[in-house]
Amino acid sequence: MAHVAAEKRARRTAAPGTRSAPRLGPIGLLGPSLVWLLVFVVAPISILFIYSFWSSQNYQLIHEFTLKNYIETFGDSVFRIVMGRTLRLAFLVTATALVLGYPVAYFIARKVTRWKTFFYLLVIIPMWSSYLVRVYSWKAVLGERGALNLLLLWLGILQEPSPIFLYNTFAVYLALVGSILPFMILPIYTSLEKIPQSLIEASSDLGAGFWRTFARVIFPLSLPGTLAGCTFTFVLVLGDFIASQLLGGTSGILIGKVIYGQFGLAFNWPLGAAMSFVVFALAFALIAIAGRYGALKEG
Amino acid sequence: MRRALSPVLPLVVLVFLFLYIPMILIVIFSFNSSQVTILPLESFSLRWYEELFADREIIEAFRNTVLVGIGTVIVSLILGGTGAFALHRLQFRGKSAYEFVVTMPFVLPEIVTGIALLTFFVWMGQQLSLVTVLVGHVVFCLAVAVRTIGGRLQSLPRSYEEASYDLGAGRLRTFFLVTLPMIRTAIFTAALLIFTISFDETVITIFTIGHQNTLPMMIWAMMRRGFTPKVNAIASLTFVASLILIVIVGTRLREQA
């Protein structure tokens, strides 16, 4: 054993400061997760891509190259309507979440002193608890026996409970904002909290008022977090099918629900794969752009 | 210390009401004795909770959920822990690409990850089971492990480890006696957060599960059948379980920040 120790010592003196990694070495450290990512992320996405060029007939896969799924995806008017609705909703939810979320993030990051952990918890509880349960909980507000109906009955505005609040795009919109908002607040908060107080003081010492300091100092420095929040929100709406399924009815059908249907009742996997790949490409592009601006380091 | 109230305070209060009122209503509804969910409540009852705990299928699903959660934590920590070390203690080409691929499944729509895994498993002739669910959860959670442990590694001064080497400790000894104690809390935080995510994960699970059930799968099936006090009870329980876990994780995350 003595020569092993001697060898170790020799290696250590040869390259000081470069051996802080545990003994596993580069392959042992990088290998496991790299292999995992190649097998369970890169390969599945590639196979999804291949599937999207096959077709399905009488519930049988036909392993022949065809572009018909993409032609159907982009040519079919139903798909275009649903995709258009999903994109509009994604923009709308993102805009709403930004308008509501930014002031909240600002308040927690820069106004709250003693209760910071409490407010932080208030944001991350709805963020990490079940999305399914939170979306569903909007039925308690909007449903025929929900709180909104009860309130309107009590106020005398309605004579009997109305079912109109559920099963439409607006219900989906409300539930999405309610469920996704924390994903907007947290990254903005992280960005805002990192801004040194001295920068803000310097700005006001130089005579800038609040709005000028906000526009020239605070907002630009919070951009990575804001961009991250917007990306998360947009992508979450893009991939939603739970809110669409539980609250959307027929007028609130989103692309996620259509894709889900292809793998369920409609049983057209290749078409579903093509639609998934379109969603993937769109989300990937957004994430890559956000990543270039350092947004993925937040949150 | 009294200061002028911030003008954004009313908005902040409204936003938090908006975030929490639906869940609070669900919890209230779950104690309603009547079969139909209606306000004002007929009378307070634990009936629906008793039904849940008597339901063997739900207990079985709960057990499966915990098993998948524990498995996901173990696999994610091994893969993510080594990955975090590679990222912050090694120099290699394509580091930013590696980081991007690690983060990607966490940010991608889960429906895409779920469907990609489904087509992959079918292609490989792999039977869907709790193991395939576990794989899906690890794919999603790997980023959490790498980020949480990596964040801690990055903030650690290298001098501790270097001092250990200078004093003649080998790499294993340094890892177990110096590095590990310093990142232990980060590992624990990552484990809790991953368990919480896995416990509530629905979308990837829908596409990767076989004939067995996890709790979110049962809830999903029950929800699609209707809005009943029993669904409200199981939704409330899940929410409270997550809430407890998140409060523990969140407090730790704040302390470490």
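Q: What makes the crossing of α5(B) and α6(B) right-handed or left-handed in this predicted model?
A: The crossing of α5(B) and α6(B) is right-handed. A crossing gets that name if the near helix is turned clockwise from the far one by less than a right angle.

Q: Why are α5(B) and α6(B) called oblique to each other?
A: Take the angle: the axes of helix α5 (residues 110-123) of chain B and helix α6 (residues 130-155) of chain B cross at roughly 140 degrees, coming within 11 Å. Roughly antiparallel would need an angle over 145, and roughly perpendicular takes 65 to 115. The pair is therefore oblique.

Q: Which residues make the contact of α5(B) and α6(B)?
A: On α5(B) they are Glu110(B), Thr113(B), Gly114(B), Leu117(B) and Phe121(B), and on α6(B) they are Thr132(B), Val135(B), Gly136(B), Val139(B) and Phe140(B). Sorted by class, that's five nonpolar, four polar and one charged. Gly counts as polar here.

Q: What is known about the side of chain A that touches chain B?
A: Here 78 residues of chain A are in contact with 80 residues of chain B. Helix α2 (residues 25-51) of chain A brings the largest share of chain A's side, 16 residues. By class, this side has 56 nonpolar, 14 polar and eight charged residues.

Q: Which residues touch the most other members of the largest nonpolar core?
A: Among its 173 residues, they are Ala105(A), Val135(A), Ile180(A), Ala283(A) and Ile194(B). Helix α9 (residues 169-193) of chain A gives the most to this core, 16 residues.

Q: What does Ile180(A) touch, leaving out residues up to four places away in sequence?
A: Val93(A), Ala97(A), Thr233(A), Leu236(A) and Val237(A).

Notes
Residues are numbered from 1 along each chain as its sequence is written. Chains are lettered from A and ligands numbered from 1 in the order in which they are written. This is a predicted model: local features need pLDDT of at least 70, side-chain atom pairs count only at pLDDT 80 or more; totals for chains, interfaces and linings use all residues. A nonpolar core is a set of buried Ala, Val, Leu, Ile, Met, Phe, Trp, Tyr and Cys residues joined through C-beta atoms within 7 Å. A residue is buried if 20 or more other C-beta atoms lie within 10 Å of its own, exposed if 12 or fewer, and partly exposed in between; C-beta atoms are placed from the backbone. Helices (H or I, at least four residues) and strands (E, at least two) are DSSP runs, numbered from the N terminus. Two residues are in contact if their C-beta atoms, placed from the backbone, lie within 7 Å. Axes are lines fitted to C-alpha atoms, for helices over the stretch in contact, and angles run from 0 to 180 degrees between N-to-C directions. Angles under 35 degrees count as roughly parallel, over 145 as roughly antiparallel, 65 to 115 as roughly perpendicular and the rest as oblique.
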